Each structure stands twice: as structure tokens, then as C-alpha cells.
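Reader: Hey, I'm new to this one. Can you walk me through it?

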Amino acid sequence: MIRSSAHFLFVISLLVVSSPRFGVGVEVGILGYELFLKETVGNKKNQTPGWDLQSSPVGLDFQNLSYLNRISGQSMFVGLKDKNKRDQFVWDLEIQLTTGKETGLRPFYLGKNNYIGYETSKFLFGVGRREHKFRPRSFQTSFDGGEGVFLEFQPQTNLILQFFLWDQYSGSLLLDKDRFHSILPQSQKQKPDRLEEVDSGENKRSHHRRHSFGLVYGDYLNLRLGIQYMELGSWGRHVKDSPRETKVLGADGDSLLNGNLGFGWDLYFLEVQFDFLWAKGNDRTSSKITNSPGSIPISGEAIQWAAELQFGGFLVRSSHFLSDREERNSKNQIIRDGYVSFGSHPGQTPYISQIFRVFPSSAVTDSGYDKNFALIDGKCFGYLSELILQFAYRQFVGKIVGNYFLPYKVGGASDGRISFQKREFEAFFIAEGLLELSLKEESSFELGIGFSQIFLPESIGIKSNFGYVFGKLEL
């Protein structure tokens with residue numbers, strides 16, 4: 001929290017001392033929402049063995065209760081933007097100040113870029129947040145970026161190389177991807193407030209530093225490559241550190257190497273994206289269901305692909321993510337872990353990406369490295385798809401988004417590979433539909449309303465829908 005506050009004050013001071021001839025953009029945003037969530041005791045056969053509403057020692061607690069929640073709230077933010085250059089000194093600053101933790105939000109959020117730097121004709125050296133240009137592009141709102149010290153080299157117009165020399169990874173949170181995450185009461189989430197984590201000795205060893213390299217080559221047809229290395233430390237629910245090795249060596253080998261290789265083909269009306277993703281590393285864990293107690297090797301793969309067709313005001317986009325899974329022996333012991341992702345949730349519907357936030361693989365988020373089989377903050381290997389139908393006419397934009405998640409089966413022997421066979425997946429799915437209508441005036445004004453419905457197996461016994469209104473005005 002001290003590091004975040006220092007970063008916040010640093011950005012504000014830069015905005016304040018900027019020369020008057022470089023105007024600072026100011027935007028004001030509002031958000032109101034209402035959620036209905038009903039949990040009932042189901043009499044049907046349980047279709048979801050091993051799954052629960054939340055990942056906690058309590059077990060299947062929600063299936064033994066019946067209650068109705070109606071949750072409503074509102075929040076507000078003030079955004080500050082400034083992007084300019086003076087001689088060789090450049091800055092691209094964006095920050096949103098929110099109404100704070102009483103509305104479930106962090107005090108402030110950084111934009112996709114928020115840095116100051118020194119730029120020449122081919123080099124950019126900067127400090128702050130810089131988006132990964134080499135990240136996978138299959139999902140419309142996915143995001144990842146470094147927060148620290150970076151170097152960019154552009155030897156020619158169609159080639160960009162990025163070096164993130166030091167990155168204090170914190171989940172790459174954006175306001176638009178986190179505004180609904182804390183809607184459910186903390187008593188239901190069974191987890192401490194993310195804004196009030198205790199800085200204990202264990203947390204001090206959770207260095208979770210990351211180093212990254214990536215390149216993008218091409219124009220309408222481009223190739224991208226990214227490699228990221230991260231020290232996990234004790235950052236995560238089951239992750240643990242070795243104090244002796246950490247003290248002597250600075251780390252204990254509890255690390256993750258993550259990479260992506262892909263291409264994008266962008267014509268006037270057609271866009272195609274594909275990425276092969278992989279992860280290798282080692283997880284020192286306190287879990288007792290591993291084949292080698294105390295440590296699990298990580299070796300996983302995943303693929304992402306998407307196609308978008310745009311004609312006039314109509315847009316259709318179909319995005320897909322498929323991971324591998326844990327390799328388990330006949331005793332249900334974990335031999336190796338599957339793919340682990342970085343960055344924000346790839347989807348954009350409220351329940352799947354924020355309220356419940358179910359990731360389609362293991363993931364390193366703002367809460368650290370974790371995997372589980374739960375609806376709330378779930379991180380389970382499987383298949384995620386997203387379909388977007390959008391129509392725009394002048395200032396009006398109508399959008400329908402559907403997300404569909406199909407997890408692999410929990411338990412039993414598994415070879416750990418990517419599978420396209422139906423028998424390898426669970427008999428149930430999690431799906432969501434979103435309708436959003438808005439009025440937009442370029443980037444200066446936006447006012448809209450959204451309605452979302454979640455679809456879950458009857459045996460889970462949850463029925464819920466969600467509505468919200470939002471607005472933004474740039475002054």
C-alpha cells in the first residue's frame with residue numbers, strides 16, 4: 001500500500017507541475033448498479049462434484065442454505081490524462097481517482113499507459129506502466145502491462161522491441177476490469193479485504209518481480225513474441241517461500257516462465273488473431289495432494305484464436321481460449337501443473353470476468369498465484385469463448401456479448417494435454433449474456449445502460465441477474 005501511495009503522489013505531482021501550455025484532460029465518470037442473487041436448496045443430483053460457490057474449507061456451504069440478496073450501489077471517479085512531449089522528454093499519464101474502498105474500489109487505478117520517459121528517434125526509456133504490445137490480441141478487452149522500468153527500441157517503422165527491465169507485477173488492474181469485482185459482500189467471499197492486506201513477514205518475501213521481453217513485427221500482417229519471467233515468492237494461497245534460500249540467494253526457485261507466439265492479420269473488414277501460449281516453472285506449495293510433496297513442476301500450454309468481421313456499423317467477433325490441465329496419476333495426485341496466465345481476465349461480461357471472475361486456467365492475479373474449482377475467484381482449466389454482436393449508428397451503440405465457459409473434469413487420472421474431446425470436460429457449463437446500450441460522442445461523452453444474466457447448472461442453485469448504468473464526461 002505504501003508503494004501504491006507513493007506512485008499515486010508521484011503521478012499527481014507530475015500533472016500539477018506540467019506547464020500551462022500542455023493542458024491536462026479531466027474526465028468524470030459515474031456508475032450505478034443493482035444485483036439480484038437467489039440461492040436455493042436444490043433437490044437435483046449434483047452435477048458439479050468438486051465445485052463450490054467459493055474456495056474455502058467450509059465446503060458446499062451454499063447448497064445447504066436458502067436466501068435472497070439484493071445488492072445496489074454507486075460509485076464515481078475523476079480521471080486525469082496528459083500525453084505530450086517537450087524536447088526529448090515525453091509523458092503519457094492516465095489515472096482514475098475513485099470514491100474509495102467503501103464502494104469496493106481501490107483508491108485509484110492507472111490507465112493502460114502511465115509513464116514518463118526519454119525518447120530519441122529509435123529509443124524510448126521510461127518509468128511507470130507501459131502496455132505489452134506483444135500480448136495476445138484474441139479477446140477484445142484483455143490487457144497486460146509492466147509497472148516499473150522499461151526500454152523500447154524501434155529500429156524500423158514495422159518493428160518494435162520492448163524490454164521490461166523491472167516490473168512490480170500487481171495483476172495489471174484497470175478500472176473497467178475491476179469495477180464490479182467487490183460487489184458481493186466479503187462475508188460471502190470468505191477472503192480478507194484486498195485493500196487492507198497485512199504487511200507481514202511472509203508478504204515482504206512476496207517480491208513477485210517480473211522481467212519481460214517482446215517484439216512485434218509487421219503492419220497489417222504482424223508477428224508477435226513475448227517471454228516473461230516472474231519470481232512467485234510466497235504470493236498466493238498455497239504458495240510458500242523457503243526463508244533460508246530466499247535470504248541467501250534472493251529467491252528459492254519458486255518461479256514461472258511464461259511466453260506467447262502468435263500473429264494478427266488485420267484487413268479493412270476482417271481481422272484474424274492466433275496465439276500459442278506456454279508456461280514452465282516450479283511451485284513450492286503446501287498442498288498435500290501432490291505426487292512430490294512440497295513442490296509441483298509447472299509445464300503447460302494454451303491456445304487463443306479469434307476472428308472479427310466488420311461491415312459498416314455492424315461488427316461480429318468470436319474469441320476462444322483453450323488451456324491444457326493438470327497431469328494426475330491414478331491416485332489423483334498432481335504430477336505437474338498446467339498453463340498459468342498473466343494479466344486481466346480475457347472476458348468482458350460482468351459475472352464471469354468480475355463479479356465471480358472465473359479464469360479459464362491457473363492465473364497470477366492481484367491476489368497472487370492460485371488455482372481452484374469455484375465460482376467466486378475461480379481459476380480452473382478449460383475452454384472459454386466470447387461472441388460479440390455490435391451495431392453502431394451515429395452516436396448510438398448497441399452490443400450483445402455472450403461468454404461461455406466449459407471446465408475440464410475435476411479428479412481422476414489425466415494426461416494433462418489440451419483436449420478437444422467432449423468426454424474430457426464436465427457435464428455442466430457456465431454462461432452469461434450481456435446487453436449494453438449507450439450513446440457516445442467520440443471520447444468526450446458516454447452514457448449507457450447494461451443488463452446481464454448468468455446461466456448455471458440447476459444443482460448449483462443460484463439464480464442471478466445484474467443491471468447497471470454508467471456515464472462519462474470529458475471536461
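Author: What follows is a chat about sheets, the nonpolar core and salt bridges.

Author: This is a predicted model, where local features need pLDDT of at least 70, side-chain atom pairs count only at pLDDT 80 or more, and totals for chains, interfaces and linings use all residues. Residues are numbered from 1 along each chain as its sequence is written, and side-chain values use heavy atoms, with hydrogens and water left out.

Reader: OK, what's the strand order in the open sheet with mixed pairing?

Author: That sheet of 3 strands runs E17-E18-E19. Strands here are DSSP runs of E with at least two residues, helices are runs of H or I with at least four, and both are numbered from the N terminus. Two strands pair if DSSP finds at least two bridges between them.

Reader: Which strands are at the edges?

Author: E17 (340-341) and E19 (368-370), each pairing on one side only. Strand E18 (residues 362-365) is joined to E19 by 3 bridges, and these two run antiparallel. Across that pairing, Ala363 stands opposite Asp370.

Reader: And the other open sheet, what's its order?

Author: E16-E15-E22, again 3 strands, with antiparallel pairing. E16 and E22 (414-415) are the edge strands. E15 (residues 327-328) pairs with E16 over 2 bridges, and Glu327 faces Arg336 there.

Reader: Switching topic: how many residues are in the largest nonpolar core?

Author: There are 46, and Leu35, Ile355, Phe356, Val364 and Phe466 touch the most other members. A nonpolar core is a set of buried Ala, Val, Leu, Ile, Met, Phe, Trp, Tyr and Cys residues joined through side-chain atoms within 4.5 Å. Buried means under 20% relative accessible area, exposed over 50%, and partly exposed in between, using a 1.4 Å probe and protein chains only.

Reader: What does Leu35 touch?

Author: Leaving out residues up to four places away in sequence, its contacts include Ile71, Ile183, Leu184, Tyr351, Ile355 and Phe466. Contact means heavy atoms within 4.5 Å.

Reader: Is Ile352 buried or exposed?

Author: Buried, with a relative accessible area of 1%. Ile352 lies in helix H5 (residues 350-355). Beyond four places in sequence, Ile352 touches several residues, among them His345, Leu384, Ile430 and Ile454. Ile352 and Ile454 are 102 residues apart in sequence, and their C-alpha atoms are 8.4 Å apart in space.

Reader: Which residue does Asp275 bridge to?

Author: Arg224, with the closest N and O atoms 2.7 Å apart. Asp275 sits in strand E12 (residues 270-284) and Arg224 in strand E10 (residues 221-231), so their bridge ties together parts 51 residues apart in sequence. Both residues are buried.

Reader: What about Lys371 and Asp337, buried or exposed?

Author: Both are buried. Their side chains meet in a salt bridge at 2.2 Å, N to O.

Reader: Which residues form a salt-bridge network?

Author: Arg106, Arg357, Asp366 and Asp377 are linked that way.

How values were computed
A salt bridge is a side-chain nitrogen of Lys or Arg within 4 Å of a carboxyl oxygen of Asp or Glu.
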